[in-house]
Amino acid sequence: MYRTIQQSLLARIQAILQSKYDTTLTNLVVEQPPSIALGELALPVAFELAKRLRKAPRAIATELAAELSTQLPEGVSSVEVAGAGYLNIRLDRIAIARQIAADEHANIGGPGFRLVEHTSINPNKAAHIGHLRNAILGDTFQRLLRPDAYKTGFPVGVQNYIDNTGVQVADVVVGLVHLEGKNLTGTRELLTELLETNQRIDFYCWDLYARVSQWYTADPGQIPARKQIRLDTLHALETGNNDIAEIADLISTAVLRRHLETMQRLNIEYDFLPRESEILNLHFWDAARELMIEKGVLYFETEGKNKNCWVMRRAGTENLIAHEGTDPDQPDEDAKVIVRSNGTVTYVGKDIAYHLWKFGLLTGKDFGYAKFREYPTQTCWISTSGPSEPGHPSFGHADHIYNVIDSRQNDPQNNVIAALRGMGYTEAADNYTHFSYEMVALTPRCAIDLGYTISEEDQKKSYIEVSGRKGFGVKADDLIDRLTAAAKSEVDTRHPDLTATERETIAKQIAVGALRYFMLRYTRNTVIAFDFKDALSFEGETGPYVQYAIVRAANIFRKASTTPEAALEAFATLDLTNLLDTEEGTSLWETWLLASKLTLLIDQCLNTAEPAYLAKYAFQLAQQFNNFYHRHHILNETNPTRKILLLATAAAAQREMTRALSYLGIEAPPVM
RNA sequence: GCGCCCGUAGCUCAGCUGGAUAGAGCGUUUGGCUACGAACCAAAAGGCCGGAGGUUCGAAUCCUUCCGGGCGCACCA
């Protein structure tokens, strides 16, 4: 609502600038005045024009105000000049409140398939809190993009890339075979045994992975031999059709299933799981390689340190075309190796092939699709080298992609984008968003609490990087378990009347609310220094704070024996004259105004790829509501008109809070 | 050495493409439950926005430089 008015206002200003001054401004700034008494919107446009027109800002503002006043845009009630040249806009409170009550829907979105990739955890160990940040960011962004009852949205596919043939999986296989003495049968038995005793395979691998990582270097005399074992295992995985590869497949698939369970606890689902094994089996790379050579970005190096490798110029180089503008006899020592001298492809090479597929640029190549998991409302598909199952979707041919990958991979990501650009796929390169975010680390105090021994040097740091290789970190399920238990004990004491199942459900909703909000409240480029004290909090700026505000609103309607919808309907026919412009009316109006901004915030989050703004907004709206709740006792209100107004205010706030939370992947419990 | 990110209240963080008096939460102090649930609200204290230059009518925000911290710069993934 707010967004619509803002847009039409800006369009109007641009038109005036054009006709009156024959000029345009590329970005018009809109802000909110420091106090609502000054208006709802403020435009500093006159300052910007002052130097261009060689005229005092205030004089320009006065002219603009006069021009604007001849025909006020819809929803605007007055324009005035303030301060040194601000253009302050007052909105038509009654008209806007009525529109909010009517809940007109937004038209954010359009055509063009968008592919969001997130989670992408190596399937060799339990998910940890760093992976949670990734998945929660990706899932929230996906919710913002997707069409729903409220907005048009974009067609969206969510995929989770599975590196099932990489060194990390190989490491765990080495552990099983060489540390635990398991063969293929032994591995099958182990999986059954863990399943029957209700143990988590990913937790088992967490410890094994840490042990095998140490084992490689534990005995100095054995280092070369053990590294060779690792290399041989990796090759066996890549080749396939052998017992080692079978063990790897069993383990990685079992761990993958656990990851999906963990994420489902947080309301996170996937559409498709492309696996690296299929990138290899279906020869995506061969097709990509030919294309890269044809486009001139991939070339064979005959001299220097990269002799006998196929290389590509690195991201940041002006011209990606091989040898162009340089002496062909001088090797580019800075080039990025794509194919090693032994003929194997590097990670960046495979990634380029994969991303060419994402944009539909690998002619004739697609994955096979098989059903992997049924969610209550949809199916999750997995890649296969065999024929596709009937009714399968297709996920290539994206117009825009978002890769949720932490900032440590900035360089490799830039190389992939550079390759696309170098090959002449500039549109694809422009529509490639590396959704980068900083890592989740542990505070030294948290690490000590968990029983890790921390060096004196590390103790002085404000945070310590987690490490799967060292088994150092907080497992996702452990954190969810602790949050759920904490919420459960609180719900148990508050609601002994409810059934055990009901209390369990509510506790889970609160735990998810706390966790998802915690991961979203930080902007992407902030390192989260994880501490249980902050993460386990249900008070202050948290998810449960917002959930609680919604519960309070729900209680009002329950006790008033009405519904929010009915309250808004009654409001629609109310005579609002002089109700919203009194001092008290203004404070109510502020709640309506904030409630009207959800679409604006969604827009902002999509434009900046920053979900944190929406989390902040949900909290601010809840704060506004709680303040309102304390100031007005609705059920005791005797004046019927005022009562309708107050009920409608609560209804509008509740509706938008609930909606904001749903984009954050957080449910609103009925009671808590 | 090169690249990216960060430095704002005691602590953890917002502050959008420069704009009106720099904001939250936690913590501290004080007050508020016989009224829709106190997982809440109100109030107070707390800041030379890392330092120094510059651009501008205007800088936490842009530029330069320095200081302090983090993460990347493989024929690993």
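This is a predicted model: local features need pLDDT of at least 70, side-chain atom pairs count only at pLDDT 80 or more; totals for chains, interfaces and linings use all residues.
The assignment follows from the angle of about 125° at which α18 (residues 476-494) and α19 (residues 500-520) pack, because roughly perpendicular pairs extend only to 115 degrees and roughly antiparallel pairs begin over 145. The two axes lie 8 Å apart, and the crossing of α18 and α19 is right-handed. On the α18 side, the contact is formed by L479, I480, L483, T484, A487, K488, V491 and D492, while α19 contributes R503, E504, I506, A507, K508, I510, A511, A514 and L515. Classified by residue type, this contact of α18 with α19 comprises 11 nonpolar, one polar and five charged residues.

When neighbours within four places in sequence are set aside, the contacts of G513 are with G543, P544, Q547 and I666. G513 and E667 are separated by 154 residues in sequence, yet their C-alpha atoms are 7.1 Å apart in space.

A second pair of helices is formed by α12 (residues 284-294) and α13 (residues 347-358), whose axes come within 9 Å and cross at roughly 90°; α12 and α13 are therefore roughly perpendicular to each other. The residues of α12 that take part in this contact are F284, W285, A288 and L291, and those of α13 are G349, K350, I352, A353, Y354, L356 and W357. By class, the contact of α12 with α13 consists of nine nonpolar residues, one polar residue and one charged residue.

In α22 (residues 564-572), the residues P564, A567, L568 and F571 are buried, and they are placed on the same side of α22 because they cover an arc of only 95° around the axis. Such an arrangement can be read against the geometry of the α-helix, which has 3.6 residues a turn, so that residues three or four places apart point the same way. On the other side of α22, by contrast, E565 and A572 are exposed. The buried residues of α22 pack against α4 (93-102), α21 (543-559) and α26 (640-663).

In α4, the buried residues are R93, I96, A97, I100 and A101; seen down the axis of α4, these residues fall within an arc of 140°, so they line one face of the helix. Helix α4 is followed by D103, a residue with a positive phi near 55°.

Y452 is located in the loop between α16 (444-449) and α17 (456-460), and Y452 is partly exposed, with 16 other C-beta atoms within 10 Å. Apart from neighbours within four places in sequence, Y452 is in contact with A447 and F472. Y452 and Y522 are 70 residues apart in sequence, and the distance between them in space, from C-alpha to C-alpha, is 26 Å.

Conventions:
Residues are numbered from 1 along each chain as its sequence is written. Chains are lettered from A and ligands numbered from 1 in the order in which they are written. Axes are lines fitted to C-alpha atoms, for helices over the stretch in contact, and angles run from 0 to 180 degrees between N-to-C directions. Helices (H or I, at least four residues) and strands (E, at least two) are DSSP runs, numbered from the N terminus. A crossing is left-handed if the near helix is turned anticlockwise from the far one by less than a right angle, and right-handed if clockwise. Two residues are in contact if their C-beta atoms, placed from the backbone, lie within 7 Å. Ala, Val, Leu, Ile, Met, Phe, Trp, Tyr, Cys and Pro count as nonpolar, Asp, Glu, Lys and Arg as charged, and the others, Gly among them, as polar. A residue is buried if 20 or more other C-beta atoms lie within 10 Å of its own, exposed if 12 or fewer, and partly exposed in between; C-beta atoms are placed from the backbone. The arc is that of the directions from the helix axis to the C-beta atoms. Angles under 35 degrees count as roughly parallel, over 145 as roughly antiparallel, 65 to 115 as roughly perpendicular and the rest as oblique.
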